[in-house]
Amino acid sequence: MTQHAQPADLAPGRLTIDLGAIARNWQALNKISAGALTGAVIKSDAYGTGLRAVAPVLFAAGARFFFVATPDEALSLREALPGSHIFVFNGLWPGAAATYARARIMPVLNSIEMVEEWLGYCVEKGEAFPAAIHFDTGMNRLGHSVDEIPAVLALLARAGYAPQMIMSHLACADIPEHDKNRQQLSAFKSVATHFPDIPASIANSAATMAGRPYHLQLVRPGIALFGGRAIMARTNPMVPVVALEVPIVQVRTVKGGETVGYGAGHSFERDGKIAILPLGYGDGLLRAMGSATTYTGARFALGGTRVPVVGRISMDLVAIDVTEVPEGLAAPGRDVEILGANVGIDDLADAAGTIGYEILTALQGRYRRFYVNDIGMTDTG
Ligand SMILES: *Cc1c(COP(=O)(O)O)cnc(C)c1O
């Protein structure tokens, strides 16, 4: 028998997720919001890092209140963390009240229809299954409008039901000095006067960092746990979580005047050298990371040297300029850092005109995943 490479070696790259860094980020946010409870938002597969791997680490770090977007994410999380409190931001799926209640999953009740269905189920079962209620204070996304408050209060009174939490969401938290933040906070505090003794929550990562007035009783950070920049114009204090290394498949010389890739939009002024990497759209490289002669694209790193993308991103391939890389480093099999110590998620995001959220959640890919620095499982309840 000839020796075959194991399938694990055949992936187009290695995605490393630093679980210890996620724990430290949660603890740092927990310190900032001392006096309030610190939740953890782990929707969209924990921002692409893997819900099932990340949730127990956050629990071990001290998190007890978790937020996901959909009920199937919540059920998966419930299996991983029997003793946690789980909220579903996107609410109650019609006809699914029994499924939520059985798994002790709390819907965020965003509309009158959701309140009616949930309270109907509670009355039918004779049990006040916990849920949160969302009030819209200016985002115009999910939640009850302020003029629906009397209707909500009437439904709650009729059923003799008190919510576990009330919440709202800020539209401009990433710009802390934006007037809309103070307006929304003040509107939400007026809502909260109708719910004395019920915990209130309005802060995402950015608002948690923006200061104590936004902390209320519980903060809900997401992106900052994963090392992303929450506040636009500030230095990001969080520890990076994700690293991605991809090996070169081929190196070639390019003569002055020649072009690289689809569309022939990037031409070399003088002779140079490029390396081809085996990743593309399906692996989280966005088309907007490509370059042409008239604009630059993303930059990766090789041996500490920045290596710019040249030409368009292909479906499963991308070219980088390695002309300046020391001889011997740019060779087939050598790893290029797509994300890591030299390239952050927000560097890639800035290059593509997007935000770290999109970079992280796009990293589904065909990578081999490694989880490192696990802080160790404790009792998950
Ligand atoms: C996603 C989300 C959060 C977390 O936001 P980050 O900016 O990732 O911290 C908090 N609250 C709601 C309602 C959300 O949808």
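How much space lies in the largest pocket?

1. **Basis.** This is a predicted model, where local features need pLDDT of at least 70, side-chain atom pairs count only at pLDDT 80 or more, and totals for chains, interfaces and linings use all residues. Residues are numbered from 1 along each chain as its sequence is written, and side-chain values use heavy atoms, with hydrogens and water left out.

2. **Largest pocket.** The largest pocket holds about 610 Å³ of space. A pocket is an open set of points on a 1 Å grid over the protein atoms alone, where a 1.4 Å probe fits, with protein on both sides within 12 Å along at least five of seven lines. Its volume is the space filled by probe spheres set on the points, which are joined across faces, edges and corners.

3. **Its lining.** The largest pocket has 32 lining residues; lining residues have an atom within 4 Å of a point. Nearest the centre lie Lys 43, Arg 141, His 169, Asn 204 and Tyr 357. Helix 2 (43–47), helix 9 (205–210) and helix 11 (356–362) each give two or more residues. Helices are DSSP runs of H or I with at least four residues, and strands are runs of E with at least two, numbered from the N terminus. By class, the lining has 18 nonpolar, 8 polar and 6 charged residues. Nonpolar covers Ala, Val, Leu, Ile, Met, Phe, Trp, Tyr, Cys and Pro; charged covers Asp, Glu, Lys and Arg; the others, Gly among them, are polar.

4. **Its place.** The largest pocket lies between domain 1 (33–226) and domain 2 (242–379), because both give residues to its lining. The domain bounds come from an automatic or database domain assignment.

5. **Second largest pocket.** This pocket holds about 460 Å³. Of its 25 lining residues, His 266, Phe 268, Pro 308, Val 310 and Asp 321 lie nearest the centre. Strand 14 (266–267) and strand 17 (305–310) each give two or more residues to the lining. Strand 17 gives the largest share, 6 residues. The classes are 9 nonpolar, 9 polar and 7 charged.

6. **Strand 15.** Strand 15 (residues 272–277) is largely enclosed by the rest of the structure, because 6 of its 6 residues are buried. Buried means under 20% relative accessible area, with a 1.4 Å probe and protein chains only. Gly 272, Ile 274 and Ile 276 cover one side, and Lys 273, Ala 275 and Leu 277 the other.

7. **Its partners.** Strand 12 (residues 250–254) runs antiparallel to strand 15, joined by 5 bridges. Gln 250 has Ile 276 as its bridge partner. Strand 18 (residues 318–321) also pairs antiparallel with strand 15, over 4 bridges. There, Leu 277 partners Val 318. Strands pair if DSSP finds at least two bridges between them.

Definitions and conventions. Buried means under 20% relative accessible area, exposed over 50%, partly exposed in between (1.4 Å probe, protein chains only).
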